[in-house]
Amino acid sequence: MVKSSNELHQKALELLDKRGVKLTDIAELVLFLQTPYIKDLTVEECLVNVEAVLLKREVQNTILTGVQLDMLAEQNALMNPLQDIITDDEGLYGIDEILALSIVNVYGSIGFTNYGYIDKIKPGILAKLNSHEGDEVHTFMDDIVGAIAAAAASRLAHANPSQSELVK
């Protein structure tokens with residue numbers, strides 16, 4: 001039976017929290033991405049946009065899918081060589097990024113550049129998720145969090161097109 005939107009939303013939020021990601025962590029990534037373009041941007045404004053992205057069903061589905069795969073990898077429950085590829089976060093795997101792109105697509109092409117940039121430099125919570133320390137696997141989670149931030153930054157950019165002229 002398909003869960004209601006509210007149930008999916010709550011589960012997605014629960015999984016982010018369980019995996020050590022706070023919504024303010026994502027909002028800080030959005031602030032990092034958009035501060036050069038939007039004058040006087042606040043973490044609170046960024047958080048509003050993160051929350052709006054998280055209301056999208058395709059985002060919720062991506063979170064559930066990616067976290068499940070990370071958790072199965074932690075339990076050594078995947079077949080090899082997939083188990084090793086995901087556990088090691090192999091650079092040429094790419095499926096983690098492809099899954100994350102389903103989130104980036106929600107707010108148009110600007111999301112691709114935001115995502116590519118933040119995925120490359122891995123600021124804030126992304127550095128922690130990508131550290132490969134401890135027993136947790138975050139192969140999908142780091143890309144999902146980066147994609148949520150990129151989508152929220154894109155949403156902000158669409159809402160503030162004239163602001164890009166103010167800050168240069």
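## Terms and model

Buried means under 20% relative accessible area, exposed means over 50%, and partly exposed lies in between (1.4 Å probe, protein chains only). This is a predicted model: local features need pLDDT of at least 70, side-chain atom pairs count only at pLDDT 80 or more, and totals for chains, interfaces and linings use all residues. Residues are numbered from 1 along each chain as its sequence is written, and side-chain values use heavy atoms, without hydrogens or water.

Helices here are DSSP runs (H or I, at least four residues), numbered from the N terminus.

Isoleucine 63 touches (heavy atoms within 4.5 Å) Ala12, Leu15, Leu16, Leu54, Ile144 and Ile148, leaving aside residues up to four places away in sequence.

## Aromatic pairs

There are two aromatic pairs. Rings of Phe, Tyr and Trp (its six-membered ring) pair if their centres lie within 6.5 Å; planes under 30 degrees apart are stacked, over 60 edge-to-face, the rest tilted.

Phenylalanine 32 and tyrosine 117 are stacked, at 6.1 Å centre to centre and 5° between the planes. Phenylalanine 32 lies in helix H2 (residues 23-34) and tyrosine 117 in helix H7 (residues 110-121), so the pair ties together parts 85 residues apart in sequence. Phenylalanine 32 is partly exposed at 36% relative accessibility. Tyrosine 117 is partly exposed at 44%.

Tyrosine 93 and phenylalanine 140 are edge-to-face, at 6.2 Å centre to centre and 90° between the planes. Both are buried.

Key. Helices (H or I, at least four residues) and strands (E, at least two) are DSSP runs, numbered from the N terminus.
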